[in-house]
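Let's take a walk through this model together, from its domains to its sheets and on to a few single residues. Here it is to look at before we start.

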Amino acid sequence: MNKIIAAAVLASLPVLAQAQSNRLNPTADYALINGRVHTMDADSRVVSAIGIEGDKIVYVGEADGLKNVIGIGTEVIDLEGRMVLPGFVDGHIHAAAGGLIMLGVDLQTDDKDELFARIRNEVESNSDDVILGYGVRFNPWTDGNATAAMLDEIDSERPIYLWAIDGHAAWVNSKALELAGIDKDTPETVPGFSFFERDTDGNPTGWIVEIPAQMQVLTSLIDVNPDFMSEGVGQWLQRFAAAGITAVHDHGIQGMSQQEGFQMMADFEKNGQLPVRFVGSFYWNDGGVDPLPGTMELRAQFNSDLVQARYLKINMDGGDDKWNALYVDPYDDKPLLRPEPIIPVDLVKDAVRRADAAGIDVTRHCFGDLAVRTLLDAVEAAIAANPPRERAHKITHDTLIHSDDYARFAELGVIYDSTGSWMSFDPLLQSVSTSRLGMERVKAMFPVNRVADAGGVFSFGSDWPVSGYVSEYRPLAAIEVGTTRQLRGREDVEPLGREAAKLPLQLALEAHTINAAKGMGMETLIGSLEVGKKADIVVLEQDLFEVKPGQISDVAVSYTIMNGQLTYEKGD
C-alpha cells in the first residue's frame, strides 16, 4: 500500500514499532495486525493479520507469519480488535442513474401532510426553474395515484417533477406536462408498459409509468447530459466508499446513452476519482433491438482495471404495484389480468442462448415468480445448447420464487440476487403487495434461506437509488434488515417470514462480499481476503458477530481501501 494510505491511517490509529528485517527486498508496504480478519474464503477463516503490497494482498494469517513478507519500511498498524472484511460488493445498483434520480427534495415519508409540507417548503425556498424531488412512496395512496392537480395547488407556474421511490414512476404537475407537450392526444410512449395515466376523458392525470415516458417529460424540462449527471454521480461515489463499498454491478444507465454513461465512469477512473470498481451492463428493454451487437461493442470499448462492460441486462417484468410483474398464479385483486413480459419470451430465450454462446453472462430483472422461472428456463436451454464454460448468470429482485424452483438456482449455477433493505414486512408489503398477492405469498417473499439450503448462491444488491419503500445503499443496513427481517423503528412488526427467514450473519456477509463478486464473475479477483487477490478491504469499528443484529447499521466504517488505495477514512 502506498504511503498516502499509511499516512492517513497512521494519523488515526496507534502504530507499533516498524517491523525490522535484513531482507534486501521486503515485500509488504503495509501490515494490519490485532484485527478480527474475516476472510470470507472457502473455509471462512478468521485470522488476525493481513499484509498488502501495492494493489494486492500478500499475506493473510496470524501476526507471527508476517516475518516472511515484511521488512524495513513496512508500516505495521494495530487495529485493536477492529473487524476486517473484504470490501463490500453491491451486486445490483444504478450508480450512474443516481446522479439523475437523487436530486432535489427527499420525499420518503408515509404521511401525506408531511409529504406536501416538504414539497411546499422546497417550492418556497428554491428559485430554480424546475422543482425536483425523489422518493415518493406508493403506500400513502390508497385511493388512486397522486395527480397533477395536487401539485398545481402548490405551484402551477413552474414545472414540478418528482421521482417515485422505485424510479419507475413519476409525479408531475400540469406545467410539466404542458412543457413536454403531453395531452389527451399524445400516444403512449410504450403501449402497455410505459405510459401516462389518464382520467375517463383521456387527459393525463400527472402520474407517469416507467422510464421511457418519464424521460419523455424530464428531458423536456432539463438538459440531461453527461456534465449534468457527473456532478451528482461524483458526490454519491464518495458516499459509497464511506459505506465500505469497493465494487458495484451497475444494472442500467439511464438519462444518457449507455456509451456516454460508461465513458463518464471511465473519465472518473482516468482522473483518479473512481473509488469503486464499476462493472456495467448493456441495458435491454426493447424487443425490437438485438442486444448482442451493443453488448459486444461496449465490452470491447470498456475493459480497464476499474471500468468494465461485462453483462447483458434484460428487463423481463415490472412490479406488483403496477400489476406488471409476472406471477405463476393470478393477482388476488385482478384475477383475470395476465400481464405480458416486457420482451417476448422467445426473444429472451434466443438472446440468452446467443449471449451464453458468446461467453456473455446475463442478469435479469425478474420481480415475480413466473419471470424468475422464465429466466431459469432460458439459462437451462442455453446450457443444453452451448459448450461448457464458467458461467455467472444472475437473476435480480426475485421477490417471489416458486417453491418448485428453489433448487434450480444451484442446479443451473444461477446467482440469486436481491435487496436486503426490502426484506421486512414494511408498509408497502402490508398494503399494496398484500392486496395484490395475498398474505400467504407476501410472507413467502425473499426465500433466501430456502435457495441457499438447496445449494444456491445468494448475493446482496441494493438496487439503489430505486426501492419499494426505503432507498438505501449502505451494506450494513442491508445486512441488518436481512438478518432481522425487520425495519429499523418498526420492531413491533412481525419479521417477514418469521424466524426461519432470517439470514445467518455469515451468509449475509458472504452475500455482500464473495457471493456478490461471483455474481459479477470477479470472484478470482475480489470478494475474499486471500493472497494474490486485490487489496479491497473495509475495516469496521466493531466485530458484527458481537453486535446485536438490530444494531448492525450503527457500526461505523473506520476506513475503506480499494485497489490498495485509501478511499475513505473516518474522521474524529
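Two strands are said to pair if DSSP finds at least two bridges between them. With that in mind, note that strand β7 (residues 83-86) and strand β22 (residues 537-540) run antiparallel and are joined by four bridges. Please keep in view throughout that this is a predicted model.

## Domains

The protein is divided into domain 1 (23-81), domain 2 (131-221) and domain 3 (226-565). Between the C-alpha centres of domain 1 and domain 2 there is a distance of 55 Å.

## A second sheet of six strands

Another open sheet, again with mixed pairing, has six strands in the order β9-β10-β11-β12-β14-β13. Here β9 (105-106) and β13 (195-198) stand at the edges; each has a single partner strand, so one side of each lacks a neighbour in the sheet. Helix α6 (residues 211-221) packs on this sheet, where it touches β10, β11, β12 (169-172), β13 and β14 (204-209). The direction of α6 makes about 150 degrees with that of β11.

Looking inside the sheet, strand β10 (residues 131-136) and strand β11 (residues 160-164) run parallel and are joined by four bridges. Val 136 stands opposite Ala 164 in β11.

Strand β16 (residues 277-284) runs parallel to β17, and seven bridges join the two. In this pairing, Val 279 stands opposite Gln 308 in β17. Together with helix α9 (residues 291-301), β16 and β17 make a right-handed β-α-β unit. Strand β18 (residues 361-366) pairs with β17 too, in the parallel sense over five bridges, and Tyr 311 stands opposite Asp 361 in β18. A right-handed β-α-β unit is found here as well, made of β17, helix α10 (residues 345-357) and β18.

## Helix α13

Helix α13 (residues 427-437) has eight buried residues out of 11, so the rest of the structure largely encloses this helix. The buried residues are Pro 427, Leu 428, Leu 429, Val 432, Ser 433, Thr 434, Arg 436 and Leu 437, and they pack against α14 (439-443). As a reminder for reading such a list, an α-helix has 3.6 residues a turn, so residues three or four places apart point the same way.

Both ends of α13 have details to look at. At its start, a side-chain oxygen of Asp 426 comes to within 2.9 Å of the backbone nitrogen of Leu 428. Just after the helix, Gly 438 takes a positive phi of about 90 degrees.

Which residues does Arg 436 contact, leaving aside its neighbours within four places in sequence? They are Asp 320, Asp 321, Trp 323, Tyr 331, Asp 332, Asp 333 and Arg 441. Arg 436 sits in helix α13 and is buried, with a relative accessible area of 10%.

Ala 31, in strand β1 (residues 30-33), counts as buried at 0% relative accessibility. The C-alpha atoms of Ala 31 and Ala 49 are separated by 7.1 Å, and the two residues are 18 residues apart along the chain. Beyond its neighbours within four places in sequence, Ala 31 is in contact with residues including Ile 50, Gly 51, Leu 66, Ile 70 and Thr 74.

Note on methods. Residues are numbered from 1 along each chain as its sequence is written. This is a predicted model: local features need pLDDT of at least 70, side-chain atom pairs count only at pLDDT 80 or more; totals for chains, interfaces and linings use all residues. Side-chain values use heavy atoms; hydrogens and water are left out. A crossover is right-handed if, with the strands pointing away from the viewer, the path from the first strand over the helix to the second runs clockwise. Buried means under 20% relative accessible area, exposed over 50%, partly exposed in between (1.4 Å probe, protein chains only). Contact means heavy atoms within 4.5 Å. A polar contact is a pair of N or O atoms within 3.5 Å; within protein, one must be able to donate a hydrogen and the other to accept it, and residues adjacent in sequence count only if both atoms are side-chain atoms. Domain bounds come from an automatic or database domain assignment. Axes are lines fitted to C-alpha atoms, for helices over the stretch in contact, and angles run from 0 to 180 degrees between N-to-C directions.
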